Amino acid sequence: MQVVVYGRSDRTCMACRATKRALKRHGVVYEFHNVDTDPDAEAYARALGVLELPVVTWNDGDETGGFWSGYRPDEIKRLAPGNDAV
């Protein structure tokens, strides 16, 4: 599964920091894209229509997946390895 987090630096965005920590704690490997320094990442996050950072996207390899925005511990647990809920 490919997980990508779009957000700001940990000093600027507490929800981004909490999301990345929780993903690590649950063993979820992810890529991080800083929307302040990567215009393509910012454009992608805006195109999703969300109003809150971070934006977390996932794809399970067969073109299905999804996204959410904000700090969502319930969703993070669903992405944990071995969890078939996604």
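These are my notebook entries on a few features I looked up in this structure. I worked from a predicted model throughout.

**Entry 1: helix H1**

I began with H1, which runs over residues 14-25. I checked its length first. At 1.5 Å a residue, its 12 residues should span 16 Å, and the end C-alpha atoms are 16 Å apart, so the two agree.

Next I asked which residues of H1 are buried. I found Cys-16, Thr-19, Lys-20, Ala-22 and Leu-23. They cover an arc of only 165° around the axis, which puts them on the same side of H1. I noted the general rule here: an α-helix has 3.6 residues a turn, so residues three or four places apart point the same way.

I then turned to the other side of H1. Arg-21, Lys-24 and Arg-25 are exposed there.

What covers the buried residues of H1? I listed strands E1 (2-7), E2 (31-34) and E3 (55-59), and helix H3 (73-78), among the covering elements.

Past the helix I came to Gly-27, which follows H1 and has a positive phi, near 75°. Most residues other than glycine have a negative phi.

**Entry 2: Thr-57 in E3**

I moved on to strand E3, where Thr-57 sits. Is Thr-57 buried or exposed? Its relative accessibility is 9%; the cut-off for buried is under 20%, so Thr-57 counts as buried.

I also looked up its contacts, leaving out residues up to four places away in sequence. Thr-57 touches Gln-2, Val-3, Val-4, Tyr-6, Tyr-44, Leu-48, Gly-66 and Phe-67.

**Entry 3: Ser-9**

I found Ser-9 in the loop between E1 and H1. At 23% relative accessibility, Ser-9 counts as partly exposed.

I located Pro-54 in the loop between helix H2 (39-47) and E3. The peptide bond joining Leu-53 and Pro-54 is cis, with omega about 0°. Most peptide bonds are trans.

**Entry 4: the largest pocket**

I finished with empty space. Rolling a probe the size of a water molecule over the atoms shows where it is left. The largest pocket has a volume of about 210 Å³.

Which residues line the largest pocket? I wrote down Arg-8, Val-35, Asp-36, Glu-42, Ala-45, Arg-46, Val-50, Leu-51, Glu-52 and Leu-53. I sorted the lining by type: five are nonpolar, five are charged and none is polar. Leu-53, from the cis bond in my previous entry, is part of this lining.

How values were computed: Residues are numbered from 1 along each chain as its sequence is written. This is a predicted model: local features need pLDDT of at least 70, side-chain atom pairs count only at pLDDT 80 or more; totals for chains, interfaces and linings use all residues. Side-chain values use heavy atoms; hydrogens and water are left out. On a 1 Å grid over the protein atoms alone, a cavity is a set of points where a 1.4 Å probe fits but cannot get out, and a pocket is an open set with protein on both sides within 12 Å along at least five of seven lines; lining residues have an atom within 4 Å of a point. Grid points are joined across faces, edges and corners, and a volume is the space filled by probe spheres set on the points. Ala, Val, Leu, Ile, Met, Phe, Trp, Tyr, Cys and Pro count as nonpolar, Asp, Glu, Lys and Arg as charged, and the others, Gly among them, as polar. Helices (H or I, at least four residues) and strands (E, at least two) are DSSP runs, numbered from the N terminus. The expected span of a helix is 1.5 Å times one less than its number of residues. Buried means under 20% relative accessible area, exposed over 50%, partly exposed in between (1.4 Å probe, protein chains only). The arc is that of the directions from the helix axis to the C-beta atoms. Contact means heavy atoms within 4.5 Å.
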